[in-house]
Each structure stands twice: as structure tokens, then as C-alpha cells.
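Trainee: I would like to go through this structure with you. Could we begin with the overall picture and then turn to individual residues?
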Amino acid sequence: MAAEALHGPAEPYKPGLARPGAVLRAASDAVPPSGLVLLAILSVQMGAGFAKDLFAQLPPSAVVFLRIAAGALIMGAVARPRLRGLTRARAGVGVAFGVTLGVMNLSFYEALSRLPMGIAVAIEFLGPLGVAVAASRRRLDLLWVGLAASGVTLLAPWGTAASRISWAGIGFALVAAACWAGYILLSAAAGRHFPGTTGLSFAMIVSFLLIAPVGIATGDAGLLRPELLMIGLGVGLLSSVIPYSIELEALRRMPKQVFGILMSLEPAVAAMVGLLVLGEVLDVREWAAIACVVVASLGATRGARPSPG
């Protein structure tokens, strides 16, 4: 997977588009680009870890609402989308992008509430892996598809009544994976229809409007607690704004294919964060399943053709 197969098309670096990361950029020249990618991965997974920790006090839909609200507020202020001159085609792409983004986050958090963190991320990672394989169309990629499928098969609770891995959790993670694949394709379309990062900003606002009724209804009075609001803001920063800013800087300084290879480590990092932050101890079978997905992603990424530019 190149950068496009993970977070949409890599946009050229433009000063002012990622202002929340201005301080990070000022100090980033001392950090190698590979280190920046690992910091972005760690930020995303720490955000997921803090989000899961909130599930004891708020339902997943309410936590998703807090995350998306924080991201929409910050991105809307940084890259305010212009509604004047908005064509039907542009609006259609933006709305579809936002709906996909909202459903992806909601499905992933529902999966996260039912599965260990590393496992939820590994299954969700099938989305960008599928996009990378579909774009490549090499026979060797069938091997990576089979390896990833073997990983998911290892995770399934076959005939185990007391398993902590539920079919519902796997189902939600697969929905999130499908939405991530759609997100990649729609991100490319948004890049063609919207200038700069305003497409992502527009999508986050749409996602906020979609999730708000469910999140507010399920969160109820818990959403009025200042400490939970602050944690929700932190989740939004760690999961969206900070990693996006860091990734833009990393993509400016490294080949997209190398970026994709490093991003393939995300399921393993998620498992480590789950262990250290949440105390989620995985058994050998679960680690083997995650390794299958990581190796499949690495294989598909290394064989992908470098994107022009």
C-alpha cells in the first residue's frame, strides 16, 4: 500500500493547510521521516486506547461523537470549506465521503468495545490491504489475500462459547474495513473536487451531523462532564489532527511506498498499545493472526508500483 492506499491521496505540502501541526513541523527537521510515521501511528493508537478507556463511562457511539466533534471543530477552523459555488457533483462526493467516515469510525469503535485493540485494528486493516491488492492485480497478491484471510480465520471464535472475541466484534471490524476501503477511494475523489484539505474538513462536518443525533442520545448527561469532554478532545487530537499533520510532513520527505510499508506496522503497534495502556494480553494464536495481516500488508505494499509524483 502506498500512501493513497492508507489515507487517501498524498497532497502536496502547502504551508497553512496543516496549521495544528505548525509547531510539530518546526521541530520535525531533527526527526527522520520514518520516525515521524511511527509517531503518527503511535498517536492514532494512543487515541484509540484512550477512547476505549472511556467506554466504561460512555457508550462507543458517544465517544465517536466526541472524537468527530473535536476533529470537525479543529479542521473546520483550519481549512474552512467554501459552500459558495458548491456544485452537485462536489456536494455528492463530500457527503458520501463524510457518511463513509462517520460509519467507519462508529463501526470501528463498536468493534473496539468487543475485541482487543490489536485484533480490531488488524481486521480493519483488511480495507486498505484490499484496495492495494485490487489496484495491483498481480497473481502474487493472491498469496497476501490468503495470508490475511488466514489471520482472520485464526481469530474467529470457532465453537468457543467463552471466547473474548465475538462474532459481533468481528462483524463491526469488517464493516469498518469496508468503509476504510471506501474512504480511500472517496478521499481520492475529494482531492479532485476540493482544494487542499477542505474536502476532509467538509467530510468531517458531514460526519459530525450524521453521528451527532446518535451520540447525543446515547451519551446523555455524560457528555456534560468536563473531564470527559477534555478526554474526548484529546482523542480527537490524537486520532485525527496530530497524525494527519505529521503524515503530511513525513510524505513531504519520503517516498510514498516507504510510507505505506511503515504504516503496515499499525496492527502490531495497536496490539502493543493495547497491552501497555489497556492491559490486553494476547495469546500466541492472536499474535500469529496479527502477524499474518502485517506480513500480508508488507507484501502487497512492497510489490505495489510507486505512484507518480
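Mentor: The discussion below goes from the fold to the core, the charged pairs, the rings and the surface. Please keep in mind that this is a predicted model.

Trainee: How many helices and strands does the protein have?
Mentor: The secondary structure comes to 14 helices and zero strands.

Trainee: And how much of the protein counts as buried?
Mentor: The chain has 309 residues, and 51% of them count as buried. Its accessible surface comes to about 13,700 Å², with 68% of that belonging to carbon and sulfur atoms.

Trainee: What share of the contacts comes from residues 24 or more positions apart?
Mentor: Among contacts with a separation of 6 or more, such residues account for 88%.

Trainee: Let us go inside, then. Which residues touch the most other members of the largest nonpolar core?
Mentor: Phe108, Tyr109, Leu115 and Tyr183 do, in a core of 64 residues. Helix H9, residues 167-193, gives the most to this core, with ten residues. A second, separate core has ten residues, including Ile41 and Leu262.

Trainee: What does Phe108 touch?
Mentor: Leaving aside residues up to four places away in sequence, Phe108 touches Ala48, Ala120, Val121, Glu124 and Ala176. Phe108 also belongs to a cluster in which ring pairs link it with Phe55 and Tyr109.

Trainee: How many aromatic pairs are there?
Mentor: The structure holds six. One of them is formed by Phe194 and Phe202, at 5.4 Å centre to centre with 35 degrees between the planes, and this pair is tilted.

Trainee: Why is that pair called tilted?
Mentor: The angle is 35 degrees; planes under 30 degrees apart would count as stacked and those over 60 as edge-to-face, so the pair falls into the remaining class.

Trainee: Changing topic: how many salt bridges does the structure hold?
Mentor: It holds three. In one of them, the side chains of Glu280 and Lys52 meet at 2.5 Å, N to O.

Trainee: Where do the two partners sit?
Mentor: Glu280 lies in the loop between H13 and H14, whereas Lys52 is in helix H3, residues 33-54. The pair links distant parts of the chain, 228 residues apart. Both Glu280 and Lys52 are buried.

Trainee: What about the salt bridge of Arg114?
Mentor: Arg114 pairs with Glu110, and the closest N and O atoms are 2.7 Å apart. Arg114 is partly exposed, with a relative accessible area of 31%, while Glu110 is buried, with a relative accessible area of 16%.

Trainee: And which residue does Glu227 pair with?
Mentor: Glu227 forms a salt bridge with Arg225, with 2.9 Å between the closest N and O atoms. Glu227 counts as partly exposed at 40% relative accessibility, and Arg225 is partly exposed at 34%.

Trainee: Now the backbone. What is the phi of Asp220?
Mentor: It is near 50 degrees, a positive value in a residue other than glycine. Most residues other than glycine have a negative phi.

Trainee: Where is Asp220 found?
Mentor: Asp220 is in the loop between helix H10, residues 198-219, and helix H11, residues 226-253. With a relative accessible area of 57%, Asp220 is exposed.

Trainee: Thr198 is also on my list. What does it touch?
Mentor: Not counting residues up to four places away in sequence, Thr198 touches Ala79, Arg80 and Pro81. Thr198 is found in helix H10 and counts as buried, at 12% relative accessibility.

Trainee: Lastly, the surface. Which residues form the nonpolar patch?
Mentor: The patch is formed by Phe50, Ile231, Met272, Leu275, Leu276, Val277, Val281 and Trp287, with about 690 Å² of accessible area together. Helix H13, residues 266-278, supplies the largest share, four residues.

Trainee: Where is Val281 placed, and why does it count as exposed?
Mentor: Val281 is in the loop between H13 and helix H14, residues 284-303. Its relative accessible area is 56%, and exposed means over 50%, so Val281 counts as exposed.

Definitions and conventions
Residues numbered from 1 in each chain as written. Predicted model: local features only at pLDDT ≥ 70, side-chain atom pairs only at ≥ 80, totals over all residues. Heavy atoms only, no water. Patch = residues over 30% accessible without salt bridge, like charges linked within 9 Å, V, L, I, M, F, W, Y side chains within 5 Å. Areas by Shrake-Rupley, 256 points an atom, 1.4 Å probe, with all protein chains shown as cover. Salt bridge = Lys/Arg side-chain N within 4 Å of Asp/Glu carboxyl O. Helix = DSSP H or I, 4+ residues; strand = E, 2+ residues; numbered from the N terminus. Buried < 20%, exposed > 50% of the residue type's maximum accessible area, 1.4 Å probe, protein only. Core = buried A, V, L, I, M, F, W, Y, C linked by side-chain atoms within 4.5 Å. Contact = heavy atoms within 4.5 Å. Phe/Tyr/Trp six-rings, centres within 6.5 Å; stacked < 30°, edge-to-face > 60°.
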